[in-house]
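User: Hi! I'm new to this one, could you walk me through it?
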Amino acid sequence: MRQQDYRGTRSVQNSHENDYEQRKKEAHKRFMKKKRKRKRIKRVLISLCLILSILLGYGAAQVELTVNKVLDTRAEATEGDLNNVDLSNINVIGDDEVINILLVGSDKRASQTDKGRSDSTMIATVDMKNHQLKLTSLMRDMYVSIPGYESNRFNAAYSYGGVPLLYQTIATNFGVRLDGYVVVDFTAFENVINQIGGVEVTVTESEYKHLQSYYKNKKGYKDALKIKAGKNVMNGKQALCYARIRKEGNGDFRRTERQRIVLQAIFTKAKSLSINQLINMMTKVLPYVSTDLSNDEIMSYAKSVLMMGTTQINQFRIPAEGTYQDETIRSMKVLVPDVPTNAQKLQDFIFNKATSVEYK
């Protein structure tokens with residue numbers, strides 16, 4: 001009896017062991033099946049990623065190729081390269097993470113061969129160290145030292161020796177290194193605004209009255225008379241008339257502020273455009289733009305600006321408030337700046353973190 005019980009128990013144990021082994025084999029099969037499935041999915045995903053990378057790379061290459069072709073349509077750089085400007089015996093400071101571009105607005109037309117007159121001078125700063133964009137106006141009526149010439153108004157430097165002498169004048173008086181220049185004709189200014197569909201600008205009552213009075217009897221300026229007090233969406237011609245108002249408000253101080261207001265509006269609007277829209281805009285503008293920046297530099301700086309993800313431009317002007325005297329020298333009404341103080345203020349603004357949009 002006991003022998004039979006033992007054989008029965010042994011038989012049950014063997015049955016359990018067989019069931020366990022069977023379940024183990026089936027579990028292993030399911031595991032291997034899932035593993036093979038995961039491998040197939042992984043291979044598919046890798047293939048899709050490779051295809052997507054190739055497509056994106058090709059698309060980026062095509063965009064870069066198109067942009068380079070468009071950049072090649074810009075006006076010939078007749079002012080040379082700022083890297084070749086003689087700054088011997090001039091102390092300047094710079095920072096590899098802070099890019100300073102000299103912006104010169106000129107009333108020269110495309111058909112002219114002379115430099116024209118410098119109507120505005122600014123320094124555009126891409127501060128990658130502090131992730132900020134900055135714009136500084138250099139007022140044209142400052143009475144400053146001009147290398148090789150008698151002291152004169154700041155904008156005389158451009159008339160005497162173009163961008164190279166203008167750079168030497170900035171370096172001599174304010175000690176800031178510049179990394180390139182862009183000379184923009186008024187036609188480019190108008191074209192870029194028209195291409196982006198206009199810019200929104202708020203006009204004061206006194207500015208409105210000045211525009212109505214100044215352009216009332218001028219031919220070709222009907223658009224200027226359409227500007228109203230309050231908010232306006234201005235086309236290129238209107239924005240140019242607004243930015244060039246001189247004898248209203250605080251004279252040239254307010255004028256340079258208007259110029260910065262319009263540039264801020266342009267930048268804010270342009271950042272919302274698609275790649276195709278930007279390329280189309282560039283084709284209309286670049287023939288009126290001269291620069292010593294290479295295509296690679298332009299692309300690199302543009303990417304840096306886009307990566308910042310901001311449309312805010314911190315603004316400044318030289319001379320700063322309370323750092324100059326109004327004087328008349330050689331029958332010229334000029335602003336005589338405290339040069340060391342303004343040099344320090346400009347360097348602080350450019351190379352350190354700006355704490356407000358309007359820095360005075």
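Here is a short chat about the structure shown above.

Analyst: Happy to. This is a predicted model, where local features need pLDDT of at least 70, side-chain atom pairs count only at pLDDT 80 or more, and totals for chains, interfaces and linings use all residues. Residues are numbered from 1 along each chain as its sequence is written, and side-chain values use heavy atoms, with hydrogens and water left out.

User: How many helices and strands does the protein have?

Analyst: The protein has nine helices and twelve strands. Both are DSSP runs numbered from the N terminus: helices are H or I with at least four residues, and strands are E with at least two.

User: And what share of the residues is buried?

Analyst: Of the 360 residues, 42% are buried. Buried means under 20% relative accessible area, exposed means over 50%, and partly exposed is in between, using a 1.4 Å probe and protein chains only.

User: What about contacts, what part comes from residues 24 or more positions apart?

Analyst: Taking contacts with a separation of 6 or more, 72% are between residues 24 or more positions apart. A contact here means heavy atoms within 4.5 Å.

User: Which residues have the most contacts inside the largest nonpolar core?

Analyst: Those are Phe189, Ile193, Val199, Val262 and Ile266, in a core of 42 residues. A nonpolar core is a set of buried Ala, Val, Leu, Ile, Met, Phe, Trp, Tyr and Cys residues joined through side-chain atoms within 4.5 Å. A second, separate core has 39 residues, including Val85 and Phe174.

User: Let's stay with Phe189. What does Phe189 touch?

Analyst: Leaving out residues up to four places away in sequence, Phe189 touches Val184, Gly236, Ala239, Leu240, Ala243, Val262 and Ile266. Phe189 is also one of the buried residues of H3.

User: Is H3 mostly covered or mostly open?

Analyst: Mostly covered, with seven of its ten residues buried. Besides Phe189, they include Thr187, Glu190 and Ile193. Just after H3 comes Gly197, with a positive phi of about 85°.

User: How does H3 sit against H5?

Analyst: The axes of H3 and H5 (residues 236–243) come within 7 Å and cross at roughly 125°. That makes H3 oblique to H5. Axes are lines fitted to C-alpha atoms, for helices over the stretch in contact, and angles run from 0 to 180 degrees between N-to-C directions. Under 35 degrees counts as roughly parallel, over 145 as roughly antiparallel, 65 to 115 as roughly perpendicular, and the rest as oblique.

User: Which residues meet there?

Analyst: On the H3 side, Phe186, Phe189, Glu190, Ile193 and Asn194 meet Gly236, Lys237, Ala239, Leu240 and Ala243 of H5.

User: And how do H3 and H7 pack?

Analyst: H3 (residues 186–195) and H7 (residues 275–285) pack at about 155°, with their axes 9 Å apart. H3 is therefore roughly antiparallel to H7. Ala188, Asn191, Val192 and Gln195 in H3 meet Asn280, Met281, Lys284 and Val285 in H7.

User: New topic: which residues of H4 are buried?

Analyst: In H4 (residues 205–215), Glu207, His210, Leu211 and Tyr215 are buried. Seen down the axis of H4, its buried residues fall within an arc of 100°, so they line one face of the helix. That arc is taken from the directions from the helix axis to the C-beta atoms. The face turned away from the buried side of H4 carries the exposed residues Lys209 and Ser213.

User: Where is Lys222?

Analyst: Lys222 sits in the loop between H4 and strand S8 (230–234). Lys222 is exposed, at 69% relative accessible area. In sequence Lys222 is 16 residues from Gln238, and their C-alpha atoms are 9.2 Å apart in space.

User: What's going on at the bond from Ile318 to Pro319?

Analyst: That peptide bond is cis, with omega near 10°. Pro319 lies in the loop between strand S10 (313–318) and strand S11 (324–329). Gly322 is found in the loop between S10 and S11 too, and Gly322 is exposed at 71% relative accessible area.

User: Last one: what is the phi of His131?

Analyst: His131 has a positive phi of about 55°, although it is not a glycine. His131 lies in the loop between strand S2 (118–127) and strand S3 (132–138). Ser331 is not a glycine either, and has a positive phi of about 65°. Ser331 lies in the loop between S11 and strand S12 (332–337), and counts as exposed at 75% relative accessibility.
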